[in-house]
Amino acid sequence: MRSIQYLAATGVAALMGLAACGGSSDGGGPDDGPGASAPNILFVVMDDVGIDQMAAFGYGGATPPSMPNMTAVADAGLRFRNTWSMPECSPGRAAFFLGRYPTRTGIYQAIGPNDLANSQVSPYEVTVPKLLKRANYESAMFGKFHLAGPENNEAEYATPAVLGWDYFYGWLGGLPGSIDTTAGGVAPEKTYACGFVPGEAAGGADHGACYRPDGSCSIMRRTSALQDAAGLQCLDAGGIFVPDEACGEPPATLDFERENAHYVSPLVIVDQGKVTRVPLSDPRSRGFRTRIETDAAIAWIKSRSGKQPWMASVTYSAAHTPWQQPPRSLIPASGHAGSDAWDCRATLEGRLIQDQMTEAMDTEFGRLLVETGLARRGEDGRLQYDPKASNTIIVIVGDNGTLGSAVKAPFSTDRAKATAYQTGIWVPLIIAGPQVEQPGREVDRMVNAVDLFQFFGEAAGIDAHAAVPRTIDSVSLMPYLTNPEQPSLRSVNFAIGGYNIQANGTRNGACVIGTVCNQTPVSKSVCEDNQGVWWGAGYDDPSVIPNDGAGYQTCWAVNQALFKAERPLIDIMPEISAAIRNDRYKLVRNTTQAYDPASDSGTSVVTDELYEVDQAAPIPQLDKAERNLLVAPTPEIEAVYADLRAKLEQMLAADPDCPGDGNRDGVVDEEDLSNWSRIAREWGLSSVYDFVTGTARDGLTNDADGQVVRNNLGKICPKTYGLY
């Protein structure tokens with residue numbers, strides 16, 4: 001593991017040395033009253049939970065997940081019901097923590113192991129924890145990171161510390177591992193679809209030996225239909241279940257080094273820059289992720305001295321695939337009944353499991369509030385939350401829209417996560433705290449994920465636009481809390497997803513989910529975890545299209561192969577999906593790969609669509625093809641389209657590439673030369689000082705990149721401003 005002492009040489013120290021803007025040296029734990037001047041901040045991120053899932057916002061379909069605890073906070077705070085994030089995890093999270101759109105950060109899709117540092121959060125960016133340091137805040141994150149590293153990043157597993165967090169407890173990668181269908185080595189591959197031995201009625205066992213990594217063993221039994229299967233009880237306890245056996249000599253096949261989705265994960269702890277990589281055989285890496293994330297957050301919050309304000313970001317892994325049943329004890333009485341006979345690979349049953357995972361997350365969120373003193377339970381067991389009882393702001397948000405196969409009616413299953421249509425970017429946002437006037441309100445003004453960056457600064461008394469030495473796209477949110485009559489502070493909203501930068505212009509391989517090809521999944525296992533068929537490297541299915549294993553890097557190449565085999569072509573999801581809207585209309589621009597038989601090559605097709613926005617509950621009129629106003633536009637619609645098109649093109653042109661300016665401070669200077677020299681000497685691999693040489697970035701920081709810096713010394717980079 002590399003030391004993070006190089007941090008001072010990156011220029012981050014200089015960014016953090018800018019004048020502090022307000023704030024207080026006094027903070028306090030959750031028992032401190034609202035008299036303290038700098039509030040604590042609890043920031044909760046739900047993974048793949050779009051607004052379509054949320055009954056608290058008037059949606060959720062016929063059977064919404066039961067989320068009484070988040071609903072209680074929404075009832076005591078504000079529901080922002082017109083909030084856009086980005087189409088995928090990493091760009092959405094970068095928007096929260098940087099206040100900058102993907103056009104400025106280079107992060108367009110979920111970060112995978114092949115994505116270069118140029119598509120990860122740069123160490124030179126001012127993140128929320130760096131911003132709050134100026135007001136003496138302590139910052140911690142628990143759960144999913146997915147902002148940078150460990151691959152192709154000089155900081156490797158120390159990236160949370162380099163980006164400003166004092167403490168991190170969770171998982172750097174965005175995706176849980178695949179389900180272990182051997183259930184820890186007790187059966188052949190593909191035996192147990194959900195990663196544990198089900199009950200006897202489902203072909204498993206109701207009792208058996210539960211072995212733990214330390215060699216201990218106990219008997220697990222299911223004695224009631226209300227209990228989890230004995231195999232799931234054992235898995236949740238960190239063990240491996242051997243069905244119908246007594247404790248004794250453990251079978252030689254048991255494997256405590258196999259990941260198992262949400263139950264066995266490679267935990268990383270970063271405390272003041274010190275990295276601990278916890279092995280899979282360690283009890284800390286074993287157990288249901290949502291509970292682990294909550295336990296860690298509770299412990300950290302309760303350990304605060306009260307002398308400093310704090311921000312705790314609890315970035316849950318739920319309800320991201322792979323879908324896997326949570327412990328039944330976390331499902332509320334009003335929630336979805338489950339079954340260990342379900343197949344986690346089946347779409348219908350997977351939808352039900354996602355409901356349960358979302359409900360379990362809400363249960364743990366309630367426990368987080370109660371055990372940290374931010375709320376209590378009434379005699380009836382319901383959460384009793386008084387926002388004025390503590391000096392803590394609570395923010396709850398979804399990182400992007402719901403995965404298509406889990407979308408609730410009437411939202412669009414085919415225009416969901418990974419697209420800039422409403423179902424892909426429309427997310428729930430709840431803010432509660434002592435600052436809220438007239439709690440229980442709905443705010444229907446346009447809000448963007450980037451606005452949270454400025455809001456966190458506002459809470460600490462910091463003017464984010466003045467404090468950050470580069471353009472941020474944030475708009476104020478605090479006025480909506482304090483003024484129920486606050487007019488809209490945005491005239492436009494914007495979102496974009498696309499593809500990240502990989503070495504030598506490569507891309508994630510092709511994945512076919514249903515009848516649609518896309519390149520969002522970062523690997524074969526992720527493709528298959530999302531009920532897809534992998535056509536990338538390693539593909540070889542002679543029953544469909546014979547291939548030598550090289551696979552197909554692009555979706556258009558899949559259609560090329562199908563065309564030559566005289567088979568029907570398949571649809572391709574847009575590789576770039578962008579949207580901009582005003583109060584009434586929304587423009588969506590998609591760039592989609594296509595195969596051209598005449599030239600036997602791939603091409604890109606750009607299409608624009610215009611929709612009237614209708615967010616009525618419970619049945620909104622969504623941006624579906626039959627509502628595209630450009631099919632037969634009136635003169636009024638043509639004028640609207642021209643206006644939004646011009647604004648979209650302005651947004652897409654934000655922060656053009658400036659070769660040599662690796663730290664993106666707006667000038668190519670001796671600091672860039674010094675930064676490049678150190679990185680090339682000490683690291684040499686992917687970094688923000690890997691520039692385009694030839695036709696693409698090569699994933700190295702070397703002499704060719706140094707020459708780019710030298711060739712551009714003294715250049716002032718163009719500065720572009722956002723639209724609000």
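Author: Helices (H or I, at least four residues) and strands (E, at least two) are DSSP runs, numbered from the N terminus. This is a predicted model, where local features need pLDDT of at least 70, side-chain atom pairs count only at pLDDT 80 or more, and totals for chains, interfaces and linings use all residues. Residues are numbered from 1 along each chain as its sequence is written, and side-chain values use heavy atoms, without hydrogens and water.

Reader: In which loop does Pro-410 lie?

Author: The peptide bond from Ala-409 to Pro-410 is cis, with omega near 5°. Most peptide bonds are trans. Pro-410 sits in the loop between strand E13 (392-398) and helix H10 (422-425).

Reader: What is omega for the peptide bond from Thr-321 to Pro-322?

Author: Pro-322 is in the loop between strand E10 (310-315) and H9. Its bond from Thr-321 is cis, with omega near 0°.

Reader: Are helices H2 and H9 parallel or oblique to each other?

Author: Axes are lines fitted to C-alpha atoms, for helices over the stretch in contact, and angles run from 0 to 180 degrees between N-to-C directions. The axes of H2 (residues 68-75) and H9 (residues 347-371) come within 7 Å and cross at roughly 55°. Angles under 35 degrees count as roughly parallel, over 145 as roughly antiparallel, 65 to 115 as roughly perpendicular and the rest as oblique. Therefore H2 and H9 are oblique.

Reader: Which residues of H2 make the contact with H9?

Author: Contact means heavy atoms within 4.5 Å. On H9, the partners include Met-361, Phe-365 and Leu-369. On H2, they are Pro-68, Asn-69, Met-70 and Val-73.

Reader: How many residues of helix H11 are buried?

Author: Buried means under 20% relative accessible area, exposed over 50%, partly exposed in between (1.4 Å probe, protein chains only). Among the buried ones are Leu-452, Phe-453 and Phe-456. H11 (residues 451-459) is largely enclosed by the rest of the structure, because the buried count out of 9 residues is 8.

Reader: What is the relative accessibility of Asp-600?

Author: Asp-600 is found in the loop between strand E23 (585-596) and strand E24 (601-612). Its phi is positive, about 50°, although it is not a glycine. Asp-600 counts as partly exposed, at 31%.
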